[in-house]
Amino acid sequence: MDAASRGRVRRSVAADGAAQTAARPATAKGGNSIIFVEQSCTAPSDKRGGPQVSRAADGLGENGAPGRPGPHPPRAMNIYQTQLRSDEIDALAHREMVGGLWDEIGQLQFDFMRARGLLPGDRLLDVGCGALRGGVHFVRYLDPGRYCGLDLNASLIEAGKRELAAAGLDGRGASLLVDDAFDVSRFGCRFEWALAVSVFTHLPMNQIVRCLAEVKKVLAPGGRLFASYFEAPASAHLAPLRHPPADIVTRYDADPYHQSADELAALAHFAGMTMERIGAWNHPRGQRMLAFAAG
Ligand SMILES: C[S@@+](CC[C@H](N)C(=O)[O-])C[C@H]1O[C@@H](n2cnc3c(N)ncnc32)[C@H](O)[C@@H]1O
């Protein structure tokens with residue numbers, strides 16, 4: 001990032017827990033605005049034809065017809081409500097905003113999913129995909145049109161589009177959606193796999209339930225969601241926790257969050273899902289992994 005950009009961003013607690021850059025306060029596209037969907041599973045478009053623009057802001061559906069009830073206050077309560085400017089994206093500020101370790105954690109999530117059995121013909125839903133730190137790897141590997149990513153932050157999605165273009169992958173039919181309600185049904189298809197890396201670490205428990213309940217609707221039979229989290233040793237662990245090896249400090253009720261496996265199993269139950277604790281998966285900041293299935 002250049003000096004001018006550095007002067008405009010502020011330091012913040014990272015997503016992965018590390019010190020991160022965050023942009024100025026949001027200037028646009030907050031709340032429930034759907035910014036664009038590049039290509040939907042139900043209505044594939046010519047990838048060279050540019051993004052489709054979908055309007056569902058302020059509770060209005062397409063053409064201003066009544067849609068989702070609203071307006072409502074933004075649901076998110078984390079640093080990701082701030083938007084990066086175009087020049088900040090050019091300076092790769094988005095890589096820091098999603099937690100840094102761009103190559104390492106991108107490769108880690110790809111290797112993890114490959115080891116779990118992800119195949120090129122499968123459909124993958126990347127929940128809280130950010131700027132496609134993992135997405136670039138998945139889009140390269142999967143058959144065209146098989147990768148769908150959702151995030152609440154429009155500027156990170158824009159950064160992800162630029163990352164795809166820089167990697168020569170902008171013609172691979174990735175579907176990218178901006179939405180703050182985890183409304184993954186809008187992709188219009190079902191997924192064998194779903195992934196949420198460093199997302200629950202930023203969510204209060206009610207938003208985790210929302211995320212699980214929405215993802216459950218779009219999992220194919222036998223499909224699973226893998227989600228990383230900072231693990232607390234017991235439920236209602238109200239004191240701050242320090243996680244080796246990077247000494248990230250998490251809290252019970254502030255971002256970055258920690259939860260116990262039992263708490264997350266209970267949330268899964270509330271959402272009509274089952275949960276399996278996978279545990280360590282070589283995350284450099286000590287996040288653990290869970291698998292959720294409908295049931
Ligand atoms: C630490 S970043 C991780 C991004 C990506 N999974 C990765 O590994 O690079 C956390 C992401 O979760 C997204 N996020 C946070 N709260 C969200 C919400 N309520 N709905 C959708 N995305 C959310 C943020 O915008 C951000 O992109």
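Is Val136 buried or exposed, and how many other C-beta atoms lie within 10 Å? The model is a predicted one. In it, Val136 has 22 other C-beta atoms within 10 Å, and 20 or more is the cut-off for burial, so Val136 is buried. Val136 is part of helix H5. Apart from neighbours within four places in sequence, its contacts are Gly106, Glu163, Leu164, Ala167 and Leu169. Val136 and Ala165 are separated by 29 residues in sequence, and their C-alpha atoms are 9.7 Å apart.

**Helix H6**

Glu163 and Leu164, both contacts of Val136, are among the buried residues of H6. That set also includes Ala154, Ser155, Leu156 and Ile157. The cover over the buried residues of H6 includes helix H2 (86-90), helix H3 (93-97), helix H5 (135-141), strand S4 (147-151) and strand S5 (175-178).

The length of H6 can be checked against expectation. H6 has 13 residues (154-166), and at 1.5 Å a residue it should span 18 Å; the C-alpha atoms at its ends are 18 Å apart, so the two values agree. After H6 comes Gly168, which has a positive phi near 70 degrees.

**The sheet**

The protein has eight helices and 13 strands. Seven strands form an open sheet with mixed pairing, in the order S5-S4-S3-S6-S7-S13-S12. S5 and strand S12 (273-280) are the edge strands; each has a single partner strand, so one side of each has no neighbour in the sheet. From one strand to the next, the twist averages 20 degrees.

In general, the strands of a sheet pair through backbone hydrogen bonds, in either a parallel or an antiparallel sense.

| Strand pair | Sense | Bridges |
|---|---|---|
| S4 and S5 | parallel | four bridges |
| S3 and S6 | parallel | three bridges |
| S6 and S7 | parallel | five bridges |

Gly149 is opposite Leu176 in S5. H6 packs on the sheet, where it touches S4 and S5, and its direction makes about 165 degrees with that of S5. Helix H7 (residues 205-218) also packs on the sheet. H7 touches strand S3 (124-127), strand S6 (191-196), strand S7 (219-229), S12 and strand S13 (288-294), and its direction makes about 150 degrees with that of S7.

Strand S6 is mostly covered, with five of its six residues buried. Leu195 in S6 is the bridge partner of Asp126, and Ala196 is opposite Ala227 in S7. From S6 the chain passes through H7 to S7, a β-α-β crossover that is right-handed.

**Core and overall contacts**

In soluble globular proteins, nonpolar side chains tend to be buried together. Here the largest nonpolar core holds 72 residues. Those touching the most other members are Leu124, Val127, Ala194, Leu195, Ala196, Val215 and Ala227. What does Val215 contact, leaving aside neighbours within four places in sequence? Its contacts are Val127, Val184, Ala194 and Leu225.

Over the protein as a whole, 48% of the 295 residues are buried. Of the contacts between residues at least 6 apart in sequence, 70% join residues at least 24 apart.

**Backbone geometry in the loops**

Which residues are joined by cis peptide bonds? The bond from Pro244 to Pro245 is cis, with omega near 5 degrees. Pro245 is in the loop between strand S9 (241-243) and strand S10 (248-250). Asp255 and Pro256 are also joined by a cis peptide bond, with omega about 0 degrees. Pro256 is in the loop between S10 and strand S11 (259-260).

Phe182 is not a glycine, yet its phi is positive, at about 55 degrees. Phe182 lies in the loop between S5 and S6. It counts as buried because it has 24 C-beta neighbours inside 10 Å. Ala236, also not a glycine, has a positive phi of about 50 degrees and lies in the loop between strand S8 (231-232) and S9. Ala236 has 9 other C-beta atoms within 10 Å, and 12 or fewer is the cut-off for exposure, so Ala236 is exposed.

Note on methods
Residues numbered from 1 in each chain as written. Predicted model: local features only at pLDDT ≥ 70, side-chain atom pairs only at ≥ 80, totals over all residues. Helix = DSSP H or I, 4+ residues; strand = E, 2+ residues; numbered from the N terminus. Expected span 1.5 Å × (residues − 1). Contact = placed C-beta atoms within 7 Å. Core = buried A, V, L, I, M, F, W, Y, C linked by C-beta atoms within 7 Å. Pairing = 2+ DSSP bridges. Axes fitted to C-alpha atoms, helices over the stretch in contact; angles between N-to-C directions. Right-handed = clockwise from strand over helix to strand, strands pointing away.
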